[in-house]
Amino acid sequence: MRIIDRRQNPKGKNLGNRQRFVSRTRTQLREALAENIRRRSVSDTSSGETVTIPTDGTHEPEFKRDHSIGQRSRVLPGNKEFREGDQIRRPPQGGGSGSNASEDGEGEDDFVFTLSRDEFLDLLFEDLRLPDMVKRELKSEEAAKPKRAGYATSGPQNRLNMVRTMRYSLARRAALGRPKPAAIEEIERELERLQAGEIQPADGRPAETRIAELKERLEHLKRKRSKVPYIDPYDLRYNRFEHVPQPIAQAVMFCLMDVSASMNQEMKELAKRFFMLLHLFLQRHYDSVHVVFIRHTNFASEVDEDTFFHGQQTGGTIVSSALKEMLRVVEERYPTSSWNIYVAQASDGDDVPGDVKHCAELLREHILPITQYMAYVEIDPGQRLRTGFVDSDESDLWRGYEPLSQEQDNFTMRRIGEPGDIYPVFHDLFRQRETTS
Amino acid sequence: MSADKPNTGAHGGGKKGGQAKRRTKTQTKKTGAAKAGAPAPKKSGQLLFEGADWNFDTIQRTYDAIEEIAQGELGLDLYPTRLEVITAEQMLDAYASVGMPVMYSHWSFGKRFAQQETLYRKGLQSLALEIVINANPSLCYIMEENTMATQATVIAHAAMGHNHFFKHNQTFKRWTDADSILEDLRYARRLVAECEEYHGQQAVERILDAAHALSAQGVDRDRRGDRPDLAAERRRRAQQRHAEREATDDLWLRTVPKPSGGQVREPEDEQLEAQRRALGLPEENLLYFLEAHAPLLENWQRDLLQMVRELAAYFEPQRQTKMMNEGCATWTHYQIMNRLRDKGQIDEGAMLEFLHLHAHVIAQPNFDDRGFSGMNPYALGFAMMQDIERICTEPTDEDKAWFPQIAGNGKPYQTLREAWAEFRDESFILQYLSPRLIRDLRLFKLRDDSAEDNYVVEAIHDDAGYKRLRRALSEAHDPVAAQPRIEVTEANLRGDRKLYLEHRVQDRRQLDAMETRRVLRHIAFLWGYDVQLSEVDADTGERIAVHNPKD
């Protein structure tokens with residue numbers, strides 16, 4: 001009997017199979033994810049994701065009998081009162097619930113499994129990228145990351161690469177014929193025994209000749225051994241790193257939302273989901289992402305997430321107040337030289353008529369120049385089709401922002417009518433554009 | 001602890017017992033000296049281990065003691081064993097690849113892994129304590145989380161019980177080759193990897209998906225499993241190729257003198273007949289049929305089909321002997337643990353833990369209990385082994401009437417060993433299920449007919465019922481009967497090349513239409529042309545239903 005400890009063996013033997021499985025269920029997974037993100041909090045991104053998918057693409061069919069028809073007999077244990085010929089009422093759900101069904105009907109209606117966080121995000125943000133990453137790269141000389149770049153023949157001791165070094169050493173020793181200690185030992189041993197008279201040379205020569213010969217050879221080997229060192233400075237190899245400039249790896253995301261009475265809970269929910277997606281997406285690209293929540297009615301304030309989504313507040317609507325508040329926060333805490341700034345604004349599009357122009361101006365003059373990207377989503381469950389109440393199907397704010405979205409690359413606006421729109425709209429906003437590269 | 005702890009123990013079967021004994025002795029002495037001051041154990045032996053923790057020494061020591069009992073007292077004959085300690089995660093990995101240490105890549109294993117992982121992480125299911133592989137040397141995986149008492153049970157169960165069963169049971173001997181299974185699996189993995197490299201992952205998956213769907217139909221049941229002999233296989237293929245040529249060669253058909261003398265047959269009939277003969281129809285091994293005769297498959301695709309078919313054959317004996325195999329292993333661990341206790345080699349704590357585990361394993365809920373999910377093979381198997389032992393040693397008059405060959409023969413172990421070697425679940429029940437056990441389990445037989453409103457109790461544990469119950473239980477343990485019987489009945493190789501399958505319907509038990517259609521799509525893909533499956537009543541010959549892949 002042998003005992004072998006396999007615990008140190010690499011785990012994740014099934015990683016390949018798992019990836020195959022995930023890629024096979026990609027479409028279904030993406031649908032399930034869209035469903036899943038409806039239920040999440042904005043900043044909850046740490047956990048893996050439990051996703052339920054239908055088994056269509058992963059079902060493994062086999063010939064099996066239909067358990068609802070035909071005659072079969074079963075042998076069961078635990079009879080208490082039955083006699084031969086007794087009749088027992090069929091349980092309401094039909095005959096399929098006995099031993100047979102549970103053995104081979106695997107109960108494969110839906111398939112629940114947990115994705116790792118990376119798998120989750122990979123799927124979620126497939127073919128999406130951040131627009132306009134280029135601009136800040138130039139400004140961020142201080143953020144450089146070391147990156148492996150081959151090997152060097154010199155360097156600090158702590159970067160000595162043992163494997164490489166020993167490989168060169170081995171090759172050199174082999175090439176120069178450095179005698180092995182065993183070879184020397186063998187000669188020494190023979191010499192000793194010859195001198196002690198234990199053995200005689202095999203070819204019948206006198207022992208002295210052989211001794212002289214061996215001594216000379218031993219001398220030669222020893223000399224050679226001292227000349228060819230075990231490790232030569234020539235062998236040394238060091239890991240080499242290059243400093244590659246990185247774009248600033250931190251971002252702040254401003255969530256601006258109108259919380260005036262015209263935004264009802266349903267609309268807020270829609271906005272929340274959008275913000276959450278954006279947060280996840282940014283987290284994927286930056287080492288750290290800060291989120292700043294600014295809500296506004298006729299005046300704006302920075303609040304925490306819970307208040308942002310659930311707090312009650314009434315008042316009029318002055319959108320520019322939020323924009324000003326945002327600028328104030330940037331000024332105070334997020335110097336543009338070291339932060340990438342993203343803005344997402346959600347509103348139902350209502351604004352005091354005189355304020356719209358002011359907003360557009362603020363955006364053009366102050367906000368857009370310092371932000372990486374700004375997205376404006378108009379939450380509009382009725383899609384502005386509420387008959388004749390509003391004269392056109394465009395909101396005040398939409399009309400005011402529209403020219404901006406034409407002239408500025410880093411500003412986009414979309415409408416969201418129902419939860420199903422969010423992901424497509426998001427996808428649309430961030431899909432990879434050939435033009436940016 | 002070192003990562004790999006080779007052991008000096010001999011691997012040759014013969015020397016093993018002696019060496020093991022010697023080592024045990026010296027080690028017991030050592031433990032004895034070390035614990036001189038401890039209170040004297042009740043019996044003569046020394047404790048093999050104490051407490052829950054284990055290390056490689058305690059496992060080695062325990063293994064040797066267990067092996068001594070298994071070989072010396074129970075008369076088991078074993079393949080050499082390799083114990084491999086693995087983590088829970090590795091156990092999950094092993095689950096996913098149907099318990100095998102090596103497996104080819106396929107998404108379905110990933111799916112199984114994801115399923116198991118979810119169940120495990122949610123705490124809905126605990127992991128198996130061990131997996132044992134029918135190979136020579138026998139591979140036995142034990143989990144690091146197990147306590148020492150559990151490890152001892154697991155060793156007695158798998159490394160002794162299953163091991164002996166694998167080595168001696170006829171079904172295993174005929175169907176599988178313990179010497180080559182690992183090599184076969186490595187071949188499978190290599191083959192799949194190579195094919196993927198040349199033909200792309202998708203193309204390979206397509207074939208494997210289809211082959212997996214048919215793997216239950218890839219076993220030669222009627223031949224009752226002669227082990228697939230590669231040379232014979234090659235001969236069979238050559239013959240098939242030859243026959244195929246004959247069948248499709250017009251010239252040959254016209255020039256060779258016809259065997260039928262007086263009767264003049266239509267040439268078309270003649271041709272069809274020749275074709276059927278060449279194709280070996282009717283053929284129930286669908287996978288083999290497609291591998292040999294599907295007109296459009298390329299060689300690598302046929303190789304993949306063959307590989308899946310051979311692996312299916314490897315698992316077949318496990319299906320056919322599940323209950324006996326578990327019964328044998330459970331009986332063995334029960335015997336061994338009790339004997340270890342009697343010798344004072346394990347303490348009461350370990351024994352209690354063992355009994356708890358054992359009770360859990362052999363629990364058989366009644367049909368109306370919440371946890372009921374059919375007959376528990378461990379429970380039935382263990383009960384039958386115990387019962388046979390009882391019949392051999394303390395038979396009642398009833399036993400003497402029912403089992404004159406073995407009742408009171410006083411050789412329970414030999415009787416059991418013979419039974420383990422010669423039977424499959426189905427025949428084992430037919431041979432050995434006693435009225436006493438039927439009464440103990442209070443078995444009854446229920447008729448479930450979709451045409452009737454009620455279930456009908458057909459037999460209970462009384463004189464009139466014993467034989468009927470025995471037969472019914474035996475049938476329920478026959479995987480061949482449980483599987484719908486589907487045959488290739490006709491394949492038109494010249495016209496539209498349509499393939500005709502037939503399901504012989506017993507007791508109006510038809511196929512699940514949706515599933516059938518899905519499988520037919522796989523068959524149609526492999527065959528390359530249209531496929532049709534008819535369901536025919538086995539008694540009347542009436543055609544009940546027709547399935548097409550495109551419905």
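This is a predicted model: local features need pLDDT of at least 70, side-chain atom pairs count only at pLDDT 80 or more; totals for chains, interfaces and linings use all residues.
**Exercise 1.** Which kind of aromatic pair do Phe82(A) and Phe444(B) form, and which parts does the pair join?

*Solution.* Start with the big picture: the count over all chains comes to 20 aromatic pairs. For Phe82(A) and Phe444(B), the rings are 5.2 Å apart centre to centre, with 55 degrees between the planes. Next, find the residues: Phe82(A) is in the loop between strands E3 (71–76) and E4 (87–89) of chain A, while Phe444(B) belongs to strand E4 (residues 444–449) of chain B, so the pair joins two chains. Now check burial: Phe82(A) is buried at a relative accessible area of 13%, and Phe444(B) is buried at 0%. Finally, bring in Phe367(B), which makes up one aromatic cluster together with Phe82(A) and Phe444(B).

**Exercise 2.** Are the rings of Phe289(B) and Trp527(B) stacked or edge-to-face?

*Solution.* Take the numbers: the centres are 5.9 Å apart and the planes sit at 25 degrees, so this pair is stacked. Then place the partners: Phe289(B) lies in helix H12 (residues 286–293) and Trp527(B) in helix H23 (residues 513–527), both of chain B, so the pair ties together parts 238 residues apart in sequence. Both Phe289(B) and Trp527(B) are buried.

**Exercise 3.** Over which rings do the charged ends of Arg237(A) and Arg415(A) sit?

*Solution.* Go one arginine at a time. Arg237(A) has its charged end over the ring of Tyr168(A), 3.8 Å from the ring centre. For Arg415(A), the ring is that of Trp398(A), with the charged end 4.2 Å from its centre.

Definitions and conventions: Residues are numbered from 1 along each chain as its sequence is written. Chains are lettered from A and ligands numbered from 1 in the order in which they are written. Side-chain values use heavy atoms; hydrogens and water are left out. Rings of Phe, Tyr and Trp (its six-membered ring) pair if their centres lie within 6.5 Å; planes under 30 degrees apart count as stacked, over 60 as edge-to-face and the rest as tilted. Helices (H or I, at least four residues) and strands (E, at least two) are DSSP runs, numbered from the N terminus. Buried means under 20% relative accessible area, exposed over 50%, partly exposed in between (1.4 Å probe, protein chains only). A charge sits over a ring if NZ of Lys or CZ of Arg is within 6 Å of the ring centre and within 35 degrees of the ring normal.
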